[in-house]
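Here are my notes for your review. Please read them with the model open beside you.

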Amino acid sequence: MEIFMAILAAVAGAAFIVIALWEGFETIILPRRVTRRFRFTRVFYRTTWRPWMKLGRAVIPVNRRETWLGCFGPLSLLLLLSVWAFILIIGFALLHWAAGSAVFANDGHGGFFIDLYLSGTTFFTLGLGDVLPHNSVGRVLVVLESGLGFAFLALVIGYLPALNQSFARREVSISLLDARAGSPPCASEMLRRHSHHGGMESLQKLLGEWERWSAEFLEGHLSYPVLAYFRSQHDNQSWLGALTAILDTCALIMAGVEGTCARQAELTFAMSRHAVVDLSLVFYTKPRQPKADRLPKETLEELRALLARSGQKLGNGDEFERKLKELREMYEPYVSALAAHFHIGLPPWVARGDSADNWLGSYWERPAKKHDQLPNRGGEHF
C-alpha cells in the first residue's frame, strides 16, 4: 500500500508540474490560438468571470459596476499566476513525499507538510536552510524547482510589460474615435462628422487605420486572450463597441452611401469581421441574434434623414435593405454573443440625444451645486 501511494503521489506530482508548465507556455509564450477543447486556463476564467459578473449585478451599484468589472482582468491575471505557482509547489512537494520525505528539519519533524514547506521555500528561492534534502533525489528536485522558480519569475517580468503595451496600443485608437465618431462611437456620427470638404478622404484614411488596428487586435488577443477582459479607461468606450461601430459604418458604406470609400470599407469590414469571429471562437461564445433589432425600420429612416441633412445620401429601396441585412448578419450574431459574455453594451446606430463626447466633459465645469446632487450626465465618462 505504501509503495502504491508513493507511485500515485509521484504520478500526480509529475502531472501537476507538466500541466502548470504547459499551461504557462501556451498562455505566455505560444503566439497562437490553442485549439484543444479543455484547458485549465479557459476553465479558470469561465469559473471566475461568471461569478464575478453576477456578483457585480447583484451587489454593486450601477454607477460603480463598470469599475468592478474592470478590476477583473488585472486581478484574474495575478490570481492565475498564483495558481500556477501553487500547482508547481504542490507537484514538487508530492515528488518529495513519494521519494520518502528525505529531508532534514531542524525541529526533527517530517511528513508532507515539511515537504510542502521545502517546496515553497525552494520555488521562491528563499534559501532559509532550516529544511535540507539528504539524498540525491531530494537534491535533484531542489535544483530543478529553484531553476523553475527563477524561470517563472522571468516569465512574469517579461509578460506583464508586453501585456500592458498591447493594451495601450489597443486603447489609443479607441480614444481617437471620441471626436471622430462620438462617445460611444456609432455609425451615424462617424459618417456625419466626415461630411465636410475632404471628409471622405479622412474617412478612407480612418478606415485604413482601423483595418490595421483590427489585424493588430486579432494578433494581440489571440496571443494574450486575457486582454479581452481588460476594459477601457472610460465607461462609454470599449474594444467591442469600437469594433462594432466600425463594422456598422463599413456595412452602411458597402450597402450604399454615395460618394464614399467603398473599397476601403470592404477591406476594413473583412478584417474586423475576422477579428470578432476568431475571438468568438477563442472564448467559445456561440453566435446569437441580438435580443432586440439594433436597426429597426424607424431607426433606419432616422439615420437616412440625419445623413441627408449633412449632405450624404443613403441608399433606398429593397436592394439596399437586403444588402445591409446580409452584411449585418455576417457580424451581429458574433458581437452580440461577445457582448453578452463580457457584459459590454453594443453601440447604437444613431447617437442618443443626451450623449456628449468625452472631450467635452469636465467635472470642474459642472454647475456649482453639491456634488451628490449633480445629474449623472458624465457618469459614463469616468
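1. Start with the surface patch. This is a predicted model. Helix 1, which spans residues 2-29, supplies the largest share of the nonpolar patch, 3 residues. The patch is formed by Phe4, Met5, Leu8 and Trp97. Together these side chains' residues present about 390 Å² of accessible area.

2. Methionine 5 sits in helix 1. Is methionine 5 buried, exposed or partly exposed? Its relative accessible area is 35%, so methionine 5 is partly exposed. The cut-offs behind that call are under 20% for buried and over 50% for exposed.

3. Next, a charged residue. Arginine 170 belongs to helix 6, residues 136-181. With a relative accessible area of 3%, arginine 170 is buried, because buried means under 20%.

4. What does the side chain of arginine 170 make polar contacts with? One partner is the side chain of glutamate 171, at 2.9 Å. Another is the side chain of histidine 221, at 3.2 Å.

5. The surroundings of arginine 170 deserve a look too. Setting aside neighbours within four places in sequence, arginine 170 is in contact with Trp213, Phe217, His221, Leu227, Ala228, Phe230, Arg231, Ser232 and Trp239.

6. Now the aromatic rings. The structure holds 22 aromatic pairs. In one of them, the ring centres of phenylalanine 123 and phenylalanine 124 are 5.2 Å apart. Their planes stand at 90 degrees, so the pair is edge-to-face; the cut-off for that class is over 60 degrees.

7. Check the exposure of those two rings' residues. Phenylalanine 123 is buried, at 3% relative accessible area. Phenylalanine 124 is partly exposed, at 48% relative accessibility.

8. A further pair is tyrosine 229 with phenylalanine 283. The ring centres lie 5.7 Å apart and the planes are at 85 degrees, so this pair is edge-to-face. Where do the two residues lie? Tyrosine 229 is in the loop between helix 8 (199-223) and helix 9 (239-256). Phenylalanine 283 is in the loop between helix 10 (262-282) and helix 11 (297-309). The pair therefore ties together parts that are 54 residues apart in sequence.

9. Last, the exposure of that pair. Tyrosine 229 is buried, with a relative accessible area of 3%. Phenylalanine 283 is buried as well, with a relative accessible area of 9%.

How values were computed
Residues numbered from 1 in each chain as written. Predicted model: local features only at pLDDT ≥ 70, side-chain atom pairs only at ≥ 80, totals over all residues. Heavy atoms only, no water. Patch = residues over 30% accessible without salt bridge, like charges linked within 9 Å, V, L, I, M, F, W, Y side chains within 5 Å. Areas by Shrake-Rupley, 256 points an atom, 1.4 Å probe, with all protein chains shown as cover. Salt bridge = Lys/Arg side-chain N within 4 Å of Asp/Glu carboxyl O. Helix = DSSP H or I, 4+ residues; strand = E, 2+ residues; numbered from the N terminus. Buried < 20%, exposed > 50% of the residue type's maximum accessible area, 1.4 Å probe, protein only. Polar contact = N/O pair within 3.5 Å; in protein donor to acceptor, adjacent residues only side chain to side chain. Contact = heavy atoms within 4.5 Å. Phe/Tyr/Trp six-rings, centres within 6.5 Å; stacked < 30°, edge-to-face > 60°.
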